[in-house]
Amino acid sequence: MQETSTFSCTMPDRLDALAEMRAELRAWLARSNVEPETAEDIVLAAWEVCANAAEHPVDPKHHDVTLVATVGPSGVCIVVEDTGSWRDSVSRPGRGLGLRLARAMVDRMSIVTRAPGTEVVLWRSTGGHA
Amino acid sequence: MTQAAVVDLVGGLDLGSVARWEAEVGKAASTSGTVVLDLTGVDFLDSAGVHGLFRILAALDGQGKRFVVVAPRHGRARRLLEILDLQSLVRLCESRDEAIDDAA
């Protein structure tokens, strides 16, 4: 049976940090033997959620986005936390599309709003889900 | 009949690169009345990329250009456009040859 393994990173809300997270997450999923197409779906979902989170700093000086990914025998779980509260989804064109795309890439996605901050949990089965 | 201008989009079509691709397509469109956007080499497409792609197509349409998009079945670009149910909004070809024939 596959062991549980965890990947985590904290990124400032900059595009190069996001791109770095993407490369590291992709490499970790490959090392964790997640099938490449499933891995790409997970990477895209994580990317969209992080991009969304990075976009709405309440205080830009103290606005980090934290991602923790865990792979277990049945799937991959990703938790993205940030300290901002999300603006309305109509605030920029294409923004609703990002969360729609993220949702389509995983089996479950839930968004919890706290004060202050937002947590998004993504879960994708690795057991042959298309 | 002028030759179609082909833009080969390779790598990411995303938040970080969409502006560069928009500029590339704009340049190509200034040389021909027909533009082929080849997405075969796109290995990462995000929502900003999808949004940018449709902005690009709308701009070409507004300039009276003909355009065809190459996005092979089982490729990343085709899959995401299908998931978002956008595949019917634009003609998607399997190969560049098919796109060039189609645009002729």
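How many residues of chain A are in contact with how many residues of chain B?

1. Basis. This is a predicted model, in which local features need pLDDT of at least 70 and side-chain atom pairs count only at pLDDT 80 or more, while totals for chains, interfaces and linings use all residues. Residues are numbered from 1 along each chain as its sequence is written, and chains are lettered from A and ligands numbered from 1 in the order in which they are written.

2. Interface. On chain A, 13 residues are in contact with 10 residues of chain B (contact: C-beta atoms, placed from the backbone, within 7 Å). Helix 1 (15-31), helix 2 and helix 3 (95-105) of chain A each supply at least two residues of the side that touches chain B; helices are DSSP runs of H or I, at least four residues, numbered from the N terminus. Helix 2 of chain A gives the most to this side, with 5 residues. By class, this side of chain A has 9 nonpolar, 2 polar and 2 charged residues (nonpolar: Ala, Val, Leu, Ile, Met, Phe, Trp, Tyr, Cys and Pro; charged: Asp, Glu, Lys and Arg; polar: the others, Gly among them).

3. Core. The largest nonpolar core has 63 residues; such a core is a set of buried Ala, Val, Leu, Ile, Met, Phe, Trp, Tyr and Cys residues joined through C-beta atoms within 7 Å. Helix 2 (residues 36-54) of chain A provides the largest share of this core, 12 residues. Among the members that touch the most others are Ile42(A), Val80(A) and Leu37(B). Leaving aside neighbours within four places in sequence, Ile42(A) is in contact with Leu29(A), Val76(A), Ile78(A), Met105(A) and Arg124(A).

4. Arg26(A). This residue is found in helix 1 of chain A. Arg26(A) counts as partly exposed because it has 19 C-beta neighbours inside 10 Å (buried: 20 or more other C-beta atoms within 10 Å; exposed: 12 or fewer; partly exposed: in between). Not counting residues up to four places away in sequence, Arg26(A) touches Ala39(A) and Val43(A). Arg26(A) and Val43(A) are 17 residues apart in sequence and 6.4 Å apart in space, C-alpha to C-alpha.

5. Helix pair in chain B. The axes of helix 1 (residues 18-29) and helix 2 (residues 47-62) of chain B come within 10 Å and cross at roughly 20 degrees; axes are lines fitted to C-alpha atoms over the stretch in contact, with angles from 0 to 180 degrees between N-to-C directions. Helix 1 of chain B is therefore roughly parallel to helix 2 of chain B (roughly parallel: angles under 35 degrees). The residues of their contact divide into 7 nonpolar, 2 polar and 2 charged.

Terms used: Two residues are in contact if their C-beta atoms, placed from the backbone, lie within 7 Å. Angles under 35 degrees count as roughly parallel, over 145 as roughly antiparallel, 65 to 115 as roughly perpendicular and the rest as oblique.
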